[in-house]
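Colleague: I would like to learn how to read a few features of a model. Please take them one at a time, with the general idea before the case.

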Amino acid sequence: MRFIRSHILICSGSNCQLRGSLSIMHALEAELIKKGLYQEIRIVETGCLGLCEKGPGMVVYPEGVMYTRVTLADIPEIVEEHLLKGRFVRRLMTQPADGEDKLTPLNMSPFFIKQKRVVLKNCGLINPESIEEYIAAGGYQSLAMALDQYSPDQVIQIVKDSNLRGRGGAGFPTGRKWDFTRRAEGTEKYLICNADEGEPGTFKDRLIIEGDPHLVLEGMSLAAYAIGADKGIIYVRGEYDLSIKRLEQAIRQARESGLLGRNILGSEFSFDIDVCLGAGAYVCGEETALIESIEGKRGEPRLKPPYPAQAGLWGKPTSVNNVETLANIPSIIEHGAEWFRSIGTATSSGTKVFTLTGNVVNAGLIEVPMGITLREVIMEIGGGIPGGRQFKMAQTGGTSGGCLAEEHLDVPMDYESLSQYGSSLGSGALLIMDDSHCIVDLTKCFLRFFVHESCGQCTPCREGTAQLYNIVDKISKGRAAGSDIDLIEKLSRTMQISPLCALGQTAPIPVLSAFQYFGPEVRAHLRGTCPAGICNMKGALANADS
Amino acid sequence: MGKREAIAAFVDQPGGLIKALHRLQDQSGHNFLSPQDIELAAEVFDLPTASVWGTATFYSLFSMTPRGRHVIRVCESAPCHVVGSLNILSELEKHLGVQVGETTKDGCFTLEVASCLGVCGVAPAMMIDENIHGNLTPQSLAKILAGYA
């Protein structure tokens with residue numbers, strides 16, 4: 001038997017792959033062979049470790065030393081020093097190490113200490129391409145337990161009691177959604193996993209799938225068992241090559257192991273999953289548009305009611321759940337509703353996976369308990385603002401979320417608190433911006449996105465997004481008047497209530513919050529000045545009413 | 001394999017029409033869907049031509065006009081914007097001698113903009129065909145493009 005004394009876990013998530021993690025892995029393999037260590041050290045490809053900005057990343061066990069920004073030139077030193085002589089390569093380490101042998105354990109280091117990994121529990125620890133490693137880490141236990149011990153109604157009750165709410169953006173209670181679908185008439189029902197992650201700044205679902213695809217499949221199986229579906233579909237973005245590959249591979253493995261297919265684990269429950277590809281349309285993240293797209297049509301949202309729980313895919317009762325929502329289910333079944341409710345706040349249970357982007361030192365993927373403050377996330381886990389600049393604003397929930405200013409840094413990140421300030425948890429995107437940016441220029445960028453992505457079906461969204469963009473464009477050129485700001489306000493209020501789906505209803509949110517919290521900066525533009533010096537004011541008009 | 005056979009297998013699959021359109025576009029040689037492709041898909045899927053046309057024109061990954069051998073899609077969403085995607089776009093326009101939406105004279109590249117590509121950890125980013133390129137700087141572009149020419 002081969003005796004392994006060390007494991008090197010290398011992140012093979014898409015961000016690290018783009019930074020060259022695969023060539024690092026091959027170089028490491030070659031170096032281990034050269035030094036005669038190949039028999040005693042195993043290299044494992046894992047999912048995302050979280051520090052995407054500092055990739056490619058790797059962790060050497062049993063010591064638990066994390067190296068980041070590893071280059072090909074560093075490989076001989078890591079092998080010679082760490083793996084042969086047992087001395088850490090300090091210049092590549094992320095965690096503090098005082099003295100020769102005192103090492104801060106990885107989970108106690110600044111990036112990890114405030115994190116709580118439920119959805120990401122296996123991410124960066126197991127090989128996502130191996131069903132055996134998933135099972136060894138306790139995978140498919142919850143499915144076996146549920147099929148053996150719980151009726152579908154009991155599973156729904158546990159999820160209801162856990163207070164889990166949808167993690168895709170809308171935050172609808174998952175247990176209730178399942179209950180509606182279960183109780184809807186008809187024997188043919190569908191479960192859809194929404195992996196059409198299009199909210200700008202969000203890449204959590206991609207990394208969850210890439211890092212632990214079986215967790216998503218197990219969550220789907222539990223959901224299907226609860227609602228009474230025997231067919232599942234994962235709708236994934238056409239651009240997500242690695243996610244598609246890992247999902248298809250995981251589905252194949254699960255079928256071979258009898259964890260998908262007929263009479264799973266000897267029970268009456270049969271379930272199988274197909275992968276369906278998107279073709280580039282943000283609106284398809286909306287559940288009825290997504291259903292239209294699976295049916296091969298234009299991805300235009302349907303008029304509701306009926307909701308998908310009554311009449312979804314092909315007119316049959318359907319539950320559409322986000323990747324992260326489903327990835328929570330196995331842990332809830334395993335540890336119980338009470339355990340889940342003990343994480344987070346009284347009304348927002350559990351954890352939330354966030355993607356940190358923009359002007360922040362540790363851009364990447366994190367999972368934290370609900371209720372943590374924006375300050376803790378940005379300044380502690382995120383490592384603060386780089387380049388000696390100042391924090392200006394954060395946009396939570398993606399481009400359809402609100403902009404928060406410095407005075408909001410101590411707002412707890414949960415469903416209720418953020419909505420008080422006109423923002424939302426949304427998809428978990430957190431875009432951090434420093435003081436070099438102009439609020440008007442950013443608002444224009446947000447609106448350009450909505451103009452492009454409005455599906456055009458209903459008038460308030462199609463015309464409203466374009467008009468909002470035109471007015472903000474005018475402001476950015478110094479050609480607007482005070483009355484234009486009133487017009488934005490009025491148009492936004494109309495848009496919040498009248499479009500058919502959330503795309504149009506949320507499009508004004510970033511504008512309203514930005515103009516509310518950065519009013520003086522916006523009004524300076526009416527006088528032909530851009531305080532940040534970003535907007536081109538050459539054609540500015542002098543306005544008397546500003 | 002002929003186009004008809006290539007797409008026939010998708011008829012009974014969920015989202016089959018979109019998979020078929022992806023396949024037809026890949027086989028076109030010019031990264032687009034011709035009126036003949038639309039007719040063919042309508043026939044194979046037993047759908048009105050207008051509804052296939054409607055589907056094809058809805059999604060940004062499909063083009064109804066011929067494109068270059070390689071399609072460049074630069075992310076213009078906010079996370080890339082705040083770390084300088086506009087400089088990337090203007091540098092690409094300069095380097096290729098085309099504006100967004102146009103194809104280079106030699107038929108090699110079409111330049112497009114895209115909404116978030118979901119790799120914000122390596123922003124600013126772009127996709128060329130199925131490949132993502134991240135951490136772009138105006139200086140790094142020429143070398144990346146040379147790999148496709």
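Colleague: Which are the buried residues of H12(A)?

Modeller: Some ground rules come before that. This is a predicted model, in which local features need pLDDT of at least 70 and side-chain atom pairs count only at pLDDT 80 or more, while totals for chains, interfaces and linings use all residues. Residues are numbered from 1 along each chain as its sequence is written, chains are lettered from A and ligands numbered from 1 in the order in which they are written, and side-chain values use heavy atoms, with hydrogens and water left out.

Modeller: Buried means under 20% relative accessible area, exposed over 50%, and partly exposed in between (1.4 Å probe, protein chains only). Helices (H or I, at least four residues) and strands (E, at least two) are DSSP runs numbered from the N terminus. In H12(A) the buried residues are Val323(A), Glu324(A), Thr325(A), Leu326(A), Ala327(A), Asn328(A), Ile329(A), Pro330(A), Ser331(A), Ile332(A) and Ile333(A).

Colleague: How many residues of chain B are in contact with chain A?

Modeller: Contact means heavy atoms within 4.5 Å. On that basis 34 residues of chain B touch 51 residues of chain A. Buried area is the accessible area (1.4 Å probe) that two parts lose on being put together, summed over both. Between these chains it is about 3,400 Å², and carbon and sulfur atoms give 60% of it. Pro14(B), Phe58(B) and Val82(B) supply 18% of the area that chain B buries against chain A, more than any other three residues.

Colleague: Which salt bridge does Arg448(A) form?

Modeller: A salt bridge is a side-chain nitrogen of Lys or Arg within 4 Å of a carboxyl oxygen of Asp or Glu. There are 2 between chain B and chain A. In one of them, Arg448(A) pairs with Glu76(B), the closest N and O atoms being 3.1 Å apart.

Colleague: Which elements of chain B give two or more residues to the side that touches chain A?

Modeller: They are helix H2 (16–27), helix H4 (49–58) and helix H5 (78–81) of chain B. H2(B) is mostly covered, with 9 of its 12 residues buried. The cover over those buried residues includes strand E9 (272–277) and helix H11 (287–294) of chain A, together with helix H1 (3–8), helix H3 (35–45) and H4 of chain B.

Colleague: Is Val283(A) buried or exposed?

Modeller: Val283(A) is buried, at a relative accessible area of 4%. It lies in the loop between E9 and H11 of chain A. Beyond its neighbours within four places in sequence, Val283(A) has contacts including Ala289(A), Glu453(A) and Phe58(B).
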